[in-house]
Structures are given as C-alpha cells and as structure tokens.
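This briefing goes through one protein model, from its overall build to its core, its helices and the surroundings of its ligand. Please keep the sequence and the structure in view while reading.

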Amino acid sequence: MAKDRSWDYFFEIYEKLPRQGPGDARSTLRALDLLPALNDRQTLLDVGCGSGAQTIDLAMATDARIVAVDNHPPFIDQLVGRAADLGLGDRIKGQVGDMNDLPFPDGSFDVVWSEGAIFIMGFSRGLASWRRLLKPGGFLVVSEFCWLRDNPPSELWEIFRDGGGDVGDVEERRSAVTPAGYRLLGDFVLPAVGWWENYYVPLSACLEEFRKAHEKNSEALEVAVGCQREIDLYRKYPDTFGYVFFVMERRE
Ligand SMILES: C[S@@+](CC[C@H](N)C(=O)[O-])C[C@H]1O[C@@H](n2cnc3c(N)ncnc32)[C@H](O)[C@@H]1O
C-alpha cells in the first residue's frame with residue numbers, strides 16, 4: 001500500500017509560514033498587558049508554539065525565561081535559530097514535546113501561554129490539564145476558535161465539528177473557566193488582520209508555489225485544496241467565527 005504523504009505535504013506548506021495559525025503581535029501584547037510585568041526570575045511555557053512567532057514577541061516584551069514546546073521538531077529548530085539570531089537564545093528554550101503529556105513538575109511556571117493550539121486537546125481538557133503546571137496565582141493565556149454569532153450555518157458546523165474540532169461559542173468557553181479552577185481576567189476577539197496579514201496572505205502565496213511544484217501530484221494537490229477551503233471559509237464567513245483570547249488566573 002502506498003504511504004500516505006498528506007502530513008509531509010502539509011508540513012512542507014506550514015514550515016514556510018511566519019506563523020502556523022491566526023494571530024498577531026498586537027493581540028499577543030494586548031493579552032500580556034492584562035498580566036503583571038514578568039521579571040527575569042519568572043518562567044513562561046508556550047504550548048504548541050509552532051515556529052514561535054508569539055514566543056519571540058513574548059520574549060521581546062518581557063524579561064521572563066521561556067520554554068516553548070511543539071511536537072514538530074522542524075518548528076522548534078526554526079524557533080531556536082531565530083531566537084539565537086535575535087540574541088534571545090539564553091532566554092528561550094525550544095523543546096520537542098507532546099502537550100498531552102508535558103514533562104514538567106507541578107508549579108513549574110508563572111505563565112502558561114498557548115495561541116491557536118488548545119483545540120488539539122479541547123478547551124476544557126487543556127484548562128484542566130495545564131493547571132497543575134502553574135504556580136498558585138499563575139496565569140493561563142490561550143487563543144481559541146469560537147463562534148461569534150448565534151446559529152452558525154450548517155456548512156460550518158459540519159466542517160468544524162465533524163472535522164473533530166472543539167467548537168463552542170464565547171459564552172460556553174467563559175463558563176468553563178471557573179469550574180476548571182481559574183478566574184477570567186479578560187477576553188477579546190482576535191482582529192481580522194491577525195487572520196490575513198500573518199496567516200492567510202502568506203498561506204495563499206505558499207499554496208501558489210506549492211501547486212506549481214506538485215502540479216501532477218493529486219495527493220499533494222488535495223492537501224492544497226484543504227488549506228484553500230479554510231481560507232475561502234474565512235472570507236465567506238468573517239464575522240461568524242474567530243479566535244478569542246482568554247486571559248485567566250489560577251485560583252487556589
Ligand atoms: C495552529 S498551530 C499554532 C502555532 C503557533 N502557536 C502560532 O499561533 O503560530 C498548532 C501547533 O500545535 C502543534 N501541535 C500539534 N499537536 C501537538 C501536540 N500533541 N503537542 C505539542 N504540539 C502540538 C503543531 O505542530 C502546531 O505548531
């Protein structure tokens with residue numbers, strides 16, 4: 001049986017992007033502003049960091065030491081290389097690891113941060129599972145897919161829910177925060193610029209090159225179709241779904 005190379009093609013595209021999901025520096029800093037300033041004795045864990053766009057922004061905006069974890073080694077290599085080039089290598093440690101089984105003792109971090117990656121575990125499961133990593137009074141900041149309107153079209157439901165996505169609206173996410181042992185300090189919707197400028201515009205350019213490079217390869221072209229569908233859906237339904245930042249404090 002021929003080997004399924006879909007993930008190889010997927011990563012061929014995503015390794016070329018400045019970030020692997022929607023986000024922007026201004027929103028990262030807006031969420032960070034809801035926390036007290038972080039000093040050089042404090043530590044932050046960035047979960048599902050990808051190639052580390054937000055890791056670098058966080059390192060530049062704070063004095064904290066940062067551990068950034070992703071399960072795709074080339075993303076960690078990219079982050080470590082970039083951090084070294086920017087003179088941040090002594091404060092950013094890249095580590096290959098699985099967010100489902102993070103190898104850190106309880107109470108290791110002042111802040112756990114995760115942009116666009118908690119959906120992999122599911123919002124409530126991620127909140128519950130990462131809580132132990134925080135010191136008492138520590139902070140959890142995540143950005144997560146949310147419905148922004150009531151009654152989203154069935155086309156979207158089918159794609160996101162049937163694709164295994166952890167779909168929910170903002171109110172559902174908010175109501176999961178207290179039972180999981182946190183206090184919600186604030187939340188806000190990622191602006192459209194975070195979807196286009198750093199994500200879908202570079203993704204569109206990558207897809208064009210990718211299609212040319214693989215024009216006779218139906219398996220590769222199928223991966224490009226999936227990526228393109230994501231872009232087309234956001235263009236069609238820009239106000240129906242989005243990413244929301246949730247900034248939380250661990251309660252005792
Ligand atoms: C949507 S991307 C977000 C990346 C980055 N935070 C950003 O906003 O650009 C999700 C990331 O989670 C990583 N990932 C997927 N499953 C993982 C797992 N089980 N453990 C750790 N990282 C994982 C992927 O490799 C990818 O880099």
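Buried residues make up 37% of the 252 residues in the protein, and the model from which this share is computed is a predicted one. The secondary structure comes to 9 helices and 7 strands. The points below move from the whole chain to single residues.

**Overall build**

- A compact globule of 252 residues would have a radius of gyration near 18 Å, and because the protein has 18 Å, its value agrees with that expectation.
- Taken along the principal axes, the box that the C-alpha atoms fill is roughly 55 × 45 × 35 Å.
- Among the contacts with a separation of 6 or more, 78% are accounted for by residues 24 or more positions apart.

**Nonpolar core**

- The largest nonpolar core holds 52 residues, and those with the most contacts inside it are Leu44, Leu45, Ile66, Val111, Val112, Leu140 and Val141.
- Strand β5, which runs over residues 134–147, gives the most to this core, with 8 residues.
- Once its neighbours within four places in sequence are left aside, Leu140 is in contact with Val112, Leu127, Trp130, Leu134, Tyr182, Met248 and Arg250.

- In helix α2 (residues 25–32), the buried residues are Ser27, Thr28, Ala31 and Leu32; their arc around the axis is only 140°, which puts them on the same side of α2.
- The cover over the buried residues of α2 includes α3, β5, α8 (193–213) and β7 (241–250).

**Surroundings of the ligand**

- There are 21 residues around the ligand, and of these Arg19, Gly21, Gly48, Gly50 and Met99 come nearest.
- The elements that give two or more residues to this shell are α3 (53–61) and β2 (65–70).
- By residue type, the shell around the ligand divides into 7 nonpolar, 10 polar and 4 charged residues.

**Two loop residues**

- Cys49 lies in the loop between β1 and α3, and counts as buried because it has 30 C-beta neighbours inside 10 Å, where 20 or more are required.
- Leaving aside neighbours within four places in sequence, the contacts of Cys49 are Thr55, Ala68, Val69, Asp70 and Leu79.
- Between Cys49 and Val170 there are 121 residues of separation in sequence and 23 Å in space, taken C-alpha to C-alpha.
- Asn151 is found in the loop between β5 and α6 (154–162), and counts as exposed because it has 8 C-beta neighbours inside 10 Å, where the limit for an exposed residue is 12 or fewer.
- Although Asn151 is not a glycine, its phi is positive, at about 50°.

Terms used. Residues are numbered from 1 along each chain as its sequence is written. This is a predicted model: local features need pLDDT of at least 70, side-chain atom pairs count only at pLDDT 80 or more; totals for chains, interfaces and linings use all residues. A nonpolar core is a set of buried Ala, Val, Leu, Ile, Met, Phe, Trp, Tyr and Cys residues joined through C-beta atoms within 7 Å. Helices (H or I, at least four residues) and strands (E, at least two) are DSSP runs, numbered from the N terminus. Two residues are in contact if their C-beta atoms, placed from the backbone, lie within 7 Å. A residue is near a molecule or strand if its C-beta atom, placed from the backbone, lies within 6 Å of it. Ala, Val, Leu, Ile, Met, Phe, Trp, Tyr, Cys and Pro count as nonpolar, Asp, Glu, Lys and Arg as charged, and the others, Gly among them, as polar. The radius of gyration is taken over C-alpha atoms; the globule rule is 2.2 Å times the number of residues to the power 0.38. The arc is that of the directions from the helix axis to the C-beta atoms.
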